[in-house]
Amino acid sequence: MVYKNILLEQPEAGIHLLTVNRPKSLNALNAATLDEILSAVTRVAADGQARVLLITGAGEKAFVAGADIAEMRDATIEQARDFSERGMRAMHALEAAPVPVIALVNGYALGGGCELALACDWIIAADTAVFGQPEVNLGIPPGFGGTQRLPRRIGQAGALELLTTARPVKAEEARAIGLVSQVCPAAELRARGLEIARLIAAKAPVAVRLAKQAVLRGANLDLFAACALETELFAQAFATQDRREGMTAFLEKRPPRFENR
Ligand code: CAA
């Protein structure tokens with residue numbers, strides 16, 4: 001697929017950077033952009049050398065200012081359902097990606113933009129970032145998973161407050177309520193993202209994948225089933241060379257050399 005609305009780059013070995021690239025409409029997500037995101041995530045997921053996927057928005061003003069309101073305005077019920085399902089496919093693909101996916105939120109992350117950030121494993125925000133679910137201002141509830149992922153991230157009451165008032169939340173508050181993991185100066189966001197990606201890329205790749213899988217799959221199970229899943233994934237790691245290397249390197253007091261096997 002040739003991308004017209006996103007950029008997919010590999011700034012360093014194993015580190016992929018997806019930029020939503022429609023700055024004139026503050027990177028609003030239209031159907032084509034959602035399909036391109038899905039295609040890009042599928043491509044990264046199929047790359048055995050991939051270690052981390054970073055997602056950001058083009059320009060300095062917005063990460064993503066939501067679903068494309070101009071495209072939605074005249075939609076029928078059927079078209080709205082199709083649009084939501086398109087968005088859901090892209091968001092689910094991010095969550096299911098085998099490598100960690102980190103959102104670098106460089107400005108407005110509203111509506112579908114907040115939902116895109118929530119579908120990433122965690123969020124680093126510029127100090128200029130603004131989050132929110134303003135859909136009720138437009139006469140709709142969220143449609144890309146916000147009613148489900150926001151309460152899972154920040155709790156039901158806090159999510160309901162934001163979903164029903166449409167109140168915008170600045171970066172520092174977003175960190176305080178657990179929506180965002182780190183905040184940094186806007187000018188340093190990309191460098192911070194790359195620094196963290198490098199840190200993750202240096203770890204045992206299979207162990208990183210298993211840890212993500214355990215958290216994401218376990219979140220939908222009861223505690224005992226989730227812990228049984230963790231046991232299974234823990235045991236699977238013992239089939240890898242990298243876990244032998246990691247433990248041997250520790251005991252020999254030297255840095256490990258992981259080979260993704
Ligand atoms: N869809 C389409 N176009 C958008 C857009 C969106 N979500 N957000 C911004 N734009 C466009 C504007 O129409 C404008 O275009 P023109 O230059 O052609 O007029 C351009 O981007 C710049 O935007 P503004 O002039 O509005 O910029 P601002 O600095 O005055 O305001 C903003 C910035 C507060 C983010 C404001 O643009 C805004 O409120 N945007 C909409 C946010 C929103 O409601 N998002 C939710 C969308 S619904 C959704 O996402 C549903 C879902 O869950 C699936």
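**Salt bridges and their surroundings**

A: Arg175 is partly exposed, since its relative accessible area is 42%, and Glu172, with 46% relative accessibility, also falls in the partly exposed class. Both residues belong to helix 7 (residues 171-176), where they are three residues apart, about one turn of the helix. Arg175 and Glu172 form a salt bridge of their own, in which the closest N and O atoms are 3.0 Å apart. Please keep in mind that all of this is read from a predicted model.

In total the structure holds 13 salt bridges, and two further ones can be followed in detail. Asp35 is paired with Arg86, and their closest N and O atoms are 2.9 Å apart. Asp35 sits in helix 1 (residues 31-45) while Arg86 sits in helix 3 (residues 77-96), so this pair ties together parts that are 51 residues apart in sequence. Asp35 counts as partly exposed, because its relative accessibility is 25%, and Arg86, at 22%, is likewise partly exposed.

The side chains of Glu95 and Arg149 also meet in a salt bridge, at 2.7 Å from N to O. This pair links distant parts of the chain, with Glu95 in helix 3 and Arg149 in helix 5, 54 residues apart. Here the two partners fall into separate classes, because buried means under 20% relative accessible area: Glu95 has 28% and is partly exposed, whereas Arg149 has 10% and is buried.

A search of the whole structure finds one cavity of 30 Å³ or more, and the largest cavity contains about 50 Å³ of space. Its lining is made up of Ala50, Arg51, Val99, Ile200, Lys203, Pro205, Val208 and Arg209, which divide into five nonpolar, three charged and no polar residues. Helix 9 (residues 205-218) contributes the most to this lining, with three residues.

For contrast with the charged pairs, one may turn to a nonpolar part of the surface. Ile69, Leu138 and Ile140 form a nonpolar patch there, with about 250 Å² of accessible area together. Ile140 lies in the loop between strand 8 (130-132) and helix 5 (146-154), and helix 5 is also the helix that holds Arg149. The relative accessible area of Ile140 is 32%, so this residue is partly exposed and passes the limit of over 30% that patch residues must meet.

Asn27 has a phi near 65°, which is a positive value in a residue other than glycine, and its place is in the loop between strand 2 (15-20) and helix 1, the helix in which Asp35 lies. Asn27 counts as buried, because its relative accessibility is 0%. Asn260, although it is not a glycine, has a positive phi of about 60°, and it is found in the segment after helix 11 (241-251). Its relative accessible area is 24%, so Asn260 is partly exposed.

Technical notes
Residues numbered from 1 in each chain as written. Predicted model: local features only at pLDDT ≥ 70, side-chain atom pairs only at ≥ 80, totals over all residues. Heavy atoms only, no water. Patch = residues over 30% accessible without salt bridge, like charges linked within 9 Å, V, L, I, M, F, W, Y side chains within 5 Å. Areas by Shrake-Rupley, 256 points an atom, 1.4 Å probe, with all protein chains shown as cover. Salt bridge = Lys/Arg side-chain N within 4 Å of Asp/Glu carboxyl O. Helix = DSSP H or I, 4+ residues; strand = E, 2+ residues; numbered from the N terminus. Buried < 20%, exposed > 50% of the residue type's maximum accessible area, 1.4 Å probe, protein only. 1 Å grid on protein atoms, 1.4 Å probe; cavity = no way out; pocket = protein on both sides within 12 Å on 5 of 7 lines; lining within 4 Å. Points joined across faces, edges and corners; volume = space filled by probe spheres on them. Nonpolar A, V, L, I, M, F, W, Y, C, P; charged D, E, K, R; others polar.
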